[in-house]
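Trainee: I would like to learn how to read the places where chains touch one another. Could you take me through them step by step?

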Amino acid sequence: MNPAESDTEAQLLKSLPEHLAPFGTERSNLIPILQMVQKHFSYLPAAAMEIVARHLDIPLAEVYGVATFYNQFRFTPPGRHPIKVCLGTACHVKGGDIILENFERKLGIRDGETTADREFSIERVACVGCCALAPVALVGETVHGNMAPSKIEGLFTRIQVEKEMAQRKKRENEPDA
Amino acid sequence: MNQTPENTPESRLAAIRRRAEDQRRARMDTDAPKIHIGLATCGIASGALDTKQAFEQALAEQGIEALIHTVGCAGHCYAEPVVIIDHPQSGFPPIFYHQVTAGKAKMLVKLFLAGGDPRLEHVYGATVENDLIPSVMEFPRFNREKRVVMEKCGRVDPEDIDDYLAEGGYGALARALAMTPEEIVAAIEASGLRGRGGAGFPTGRKWRLAAAATAEGKVVICNADEGDPGAYMDRTLLESNPHQMLEGLAICARAVGARQAVVYVRAEYPLAVRIVTRAIAQAEALGLLGQGILGTDMNLDIEVFQGSGAFVCGEETALIRSIEGYRGMPVHRPPYPAQKGLHGRPTVINNVKTLASVPPIIEKGPDWYAAIGTEKSSGTAIFSVVGDVVHPGLVEIPMGVTLRELIFDICGGVPGRKGFKAVQIGGPSGGCLSEAFLDTPIDFDSLTEAGAMMGSGGMVVMSQDSCPVDVARFFLDFTQKESCGKCTFCRIGTWHLLEILERITVGEGREEDVELLQQLGEDIKDGSLCGLGKTAPNPVLTSLKYFADEYAAHIREKRCPGMMCRALTAYYIDLEKCARGCDACVGCCPTDAVFTTSTRKKGIDQALCVKCGECMVACPPEYDAVRKVSPASLAPIIERPVKPVAEAEASATPAKDAP
Amino acid sequence: MMVEITVDGRVLTVQAGQSLLEACLANDIYVPNLCHLPGMADPPASCRLCFVEVDGMPQPVTSCTVAVTGGLVARTDTPAVRRLQRSALRLLLSVHEVDCKNCPANKRCELQRLARFLKVGLKPKDLPAPRKTPAVDDTHPCFSFYPNRCVLCGKCVEACRRAPGETVMAFSRRGFETILYFDVNAAEAGRCENCQACVEICPVGALVMKAD
């Protein structure tokens with residue numbers, strides 16, 4: 001993590017109690033609170049879980065036990081472009097695991113991991129609900145249907161181009177600012 | 001109660017409905033064309049947002065006045081994005097268009113809305129009978145369905161309660177408020193409604209149990225923690241018509257005497273969460289939910305709880321644990337939640353489809369409902385049919401329809417010339433049935449008898465090109481990962497089942513594995529703590545029973561008859577057919593496994609090949625030179641030349657991927 | 001209120017509402033069990049060993065979840081009961097590192113007792129399973145944790161909960177990956193009072209006091 005990122009994380013931690021305030025201190029708030037924390041940080045940092053444990057007055061071990069039980073919670077930051085490969089039934093039948101493998105090979109990381117530059121992370125998900133388009137992968141929020149290994153290269157090129165366009169736009173706008 | 005005719009629930013509802021109809025008329029009943037766009041997750045995934053934007057843009061460009069009406073999903077996944085254009089001035093009936101891309105949208109605005117030409121080549125069908133164009137009701141996919149739960153899906157705007165009210169919504173709640181709780185329970189019992197969450201427990205009995213409980217603070221919960229990796233009807237219902245479920249939930253609360261309700265929706269369904277939350281707020285604002293419902297003394301607080309993604313939380317007791325803030329691990333029943341549930345209070349948990357079945361039952365009467373379906377399984381069933389079928393999607397059929405009718409008549413059968421091999425019903429808890437079962441009627445008991453189950457309503461149709469062993473492995477992989485880990489059988493037993501299946505699918509199966517799978521499967525079924533564990537071996541046990549020959553082929557011959565198991569298959573290039581100099585297969589290979597031989601024909605390096613099949617797709621049909629075989633040993637070995645042209649060139653320049 | 005029940009043909013006089021497992025154990029009828037601790041309001045019923053057959057129930061049931069009522073008739077030694085018990089034990093042993101002579105629990109290990117009672121070999125050869133790494137977790141200042149000996153009976157977590165002071169143990173992760181978690185910082189911060197209740201109650205030598 002670079003210094004800028006750990007700075008923002010420290011700031012986020014500072015503002016956490018304020019976000020916790022609307023939640024009651026009953027145990028049944030635990031999962032909604034963890035969801036809020038994850039929205040806040042995009043993952044669950046250890047320091048945040050300690051604050052949650054204190055807020056609800058329950059052992060940290062219990063908070064950790066609950067958080068690690070559910071698929072939704074992650075303990076490392078996701079990539080800027082999270083890639084989700086659908087491995088629901090229809091996608092499996094149409095070769096979703098081949099798509100997953102190709103992403104893994106291309107990025108050199110395994111499912112559940114994030115690239116060193118924190119650009120990409122790969123996750124397997126169950127049914128995103130567009131079975132007629134199987135196999136399906138999501139990059140960020142965008143759904144890509146009828147995936148094929150040969151389309152993956154194109155996807156990355158597109159992300160690269162979009163990034164460069166955004167940077168160019170930023171540069172163009174800067175003199176005005 | 002001293003209710004004058006002016007302040008009965010029904011008269012209050014009538015006033016609310018009049019206002020809703022007025023507002024709707026002000027917006028809708030113009031002569032301007034109306035464009036209905038399906039915007040549930042599936043539609044959005046297929047690009048419906050782009051389509052909507054294209055319509056808006058094109059309408060603005062052409063200066064046409066038209067109303068864009070966003071609706072949910074009607075279950076026709078194969079046709080997404082779906083658009084219905086109602087253009088009364090053109091003289092045509094409302095028309096159903098399928099796969100409306102942004103380009104098609106612009107074309108339709110220009111030629112149909114502006115020019116009056118509906119472009120018949122793009123029409124799927126009219127939505128009503130008429131003399132001009134064939135109606136979709138002539139297609140079995142439409143006319144063989146019986147819509148009770150999904151009746152209003154795809155017609156109403158899920159984000160606008162007025163639409164639901166104008167379609168008669170909340171009429172059942174008003175009627176239920178005039179009934180005694182006992183009358184409601186009796187009506188549900190008489191309808192024969194059984195829980196749509198999987199096991200088919202009689203809903204009336206569940207309600208009666210909770211209604212009889214004397215403890216305070218009863219709770220009703222809508223279980224929308226849909227976890228089957230291939231089923232999505234609960235999400236579709238919430239995204240397309242949330243009020244029907246909410247109305248059912250309120251009626252349930254009235255019947256059992258609950259003042260608190262929870263809608264438990266998966267956090268992975270953000271759109272459903274948003275729509276349900278909004279629907280609750282809208283209904284509360286009109287006095288249809290919340291405090292003093294329709295002027296009576298009934299109160300109901302509804303909260304939305306987002307499930308954090310654990311399949312096991314679909315199990316009642318695990319779901320309760322997770323709301324309470326614990327690890328979602330099932331606990332032993334009895335006591336049943338109806339006696340001792342959330343925070344120890346009597347709790348009724350019903351699936352979305354069960355609750356959405358309640359308003360029509362109250363509205364049209366238990367006899368009407370009981371007449372649909374079979375004697376022991378009344379009503380309708382919703383299946384998400386995927387896999388090798390022509391028309392995949394959500395289908396609502398009366399119980400008792402046979403598998404053959406559903407798969408072949410309604411969903412169009414297996415595409416191409418491939419024959420039917422198997423159908424997997426009920427997702428990870430269900431089973432895999434062979435052709436011999438095609439005439440089995442779809443109802444709770446017949447499916448259970450065959451070894452499958454209604455389960456979540458997921459249905460995967462498999463052609464000859466698929467492998468029941470691999471599908472069993474797929475589901476076991478799912479349940480094994482989703483096991484909560486509490487009890488020995490499910491935690492360790494499913495791991496071993498999966499390990500054995502994996503061994504078989506990579507060609508390392510042993511003769512004794514079949515016996516081991518069978519025994520272990522039976523033990524897990526009988527010994528597990530909760531429903532997840534008890535049903536987890538079903539995919540294995542049924543495929544062992546009905547597809548023993550497939551297991552034998554994998555184990556003895558290292559052959560996968562459906563050629564799905566990658567380790568047992570190989571691709572090779574038929575040199576007789578390969579064209580000299582065409583590089584289509586070389587270019588598309590993601591691992592550089594395809595190479596050029598000394599005769600400039602192609603070969604595949606089996607050590608590098610990942611069997612993605614891209615080369616087979618890429619090979620021009622006039623050559624059709626790529627072959628797939630199983631067992632893998634059938635592929636002829638073609639030696640890679642020591643220094644082929646391409647590699648010689650590559651080695652001359654430094655490799656670009658090197659770190 | 002005391003009631004009479006019949007177990008394996010013997011008539012027992014037991015407290016009504018007591019669990020059948022406790023009633024049997026109190027009367028010297030051994031029913032295999034691992035996760036049961038006396039005095040638990042809601043037994044976890046997770047080890048799946050204490051099966052018995054009860055008249056009127058179609059299948060064997062876990063005796064820890066059956067509350068006794070007068071006239072109940074049960075059998076602890078039927079083929080169906082033994083089949084499930086052996087299967088569960090074999091599964092537990094498949095993920096257990098069997099290295100008895102280097103294990104402090106040798107000779108007083110609950111798994112050894114169960115294996116002897118149920119006549120099950122300690123190493124089920126047809127069920128190979130992976131081991132967790134690291135094999136020893138030494139992060140806690142007082143004890144070492146051997147995850148490959150642990151059978152997830154949950155007794156240590158329950159003991160920690162019952163002990164005075166903060167609860168510092170819980171299960172973490174899920175399914176096959178489930179593993180005992182203890183808050184190491186708690187020990188350093190003095191919130192774990194080093195009462196050793198967890199180590200003492202461990203039936204399989206998965207928690208062992210450090211030598212010094």
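Mentor: Let us begin with a term: a polar contact is a pair of N or O atoms within 3.5 Å, where, within protein, one must be able to donate a hydrogen and the other to accept it, and where residues adjacent in sequence count only if both atoms are side-chain atoms. Across the interface of chain B and chain A, the rule finds 15 residue pairs in polar contact, both at pLDDT 80 or more. This is a predicted model, in which local features need pLDDT of at least 70 and side-chain atom pairs count only at pLDDT 80 or more, while totals for chains, interfaces and linings use all residues. Residues are numbered from 1 along each chain as its sequence is written, chains are lettered from A in the order in which they are written, and side-chain values use heavy atoms, with hydrogens and water left out.

Trainee: How many salt bridges does the rule find across the interface of chain B and chain A?

Mentor: A salt bridge is a side-chain nitrogen of Lys or Arg within 4 Å of a carboxyl oxygen of Asp or Glu. The rule finds three across this interface, and the side chains of B:Asp477 and A:Arg124 meet in a salt bridge at 3.8 Å, N to O.

Trainee: What area do chain B and chain A bury between them?

Mentor: The size of an interface is often given as the accessible area lost when the parts come together. Buried area here is the accessible area (1.4 Å probe) that two parts lose on being put together, summed over both. Chain B and chain A bury about 3,400 Å² between them, with 59% of it on carbon and sulfur atoms, and 50 residues of chain B are in contact (heavy atoms within 4.5 Å) with 40 residues of chain A.

Trainee: Which three residues supply 49% of the area that chain C buries against chain A?

Mentor: Chain C and chain A bury about 930 Å² between them, 57% of it on carbon and sulfur atoms. Of the area that chain C buries, C:Arg173, C:Arg174 and C:Tyr181 supply 49%, more than any other three residues. The rule finds one salt bridge across this interface, and the side chains of A:Glu62 and C:Arg161 meet in a salt bridge at 3.7 Å, N to O.
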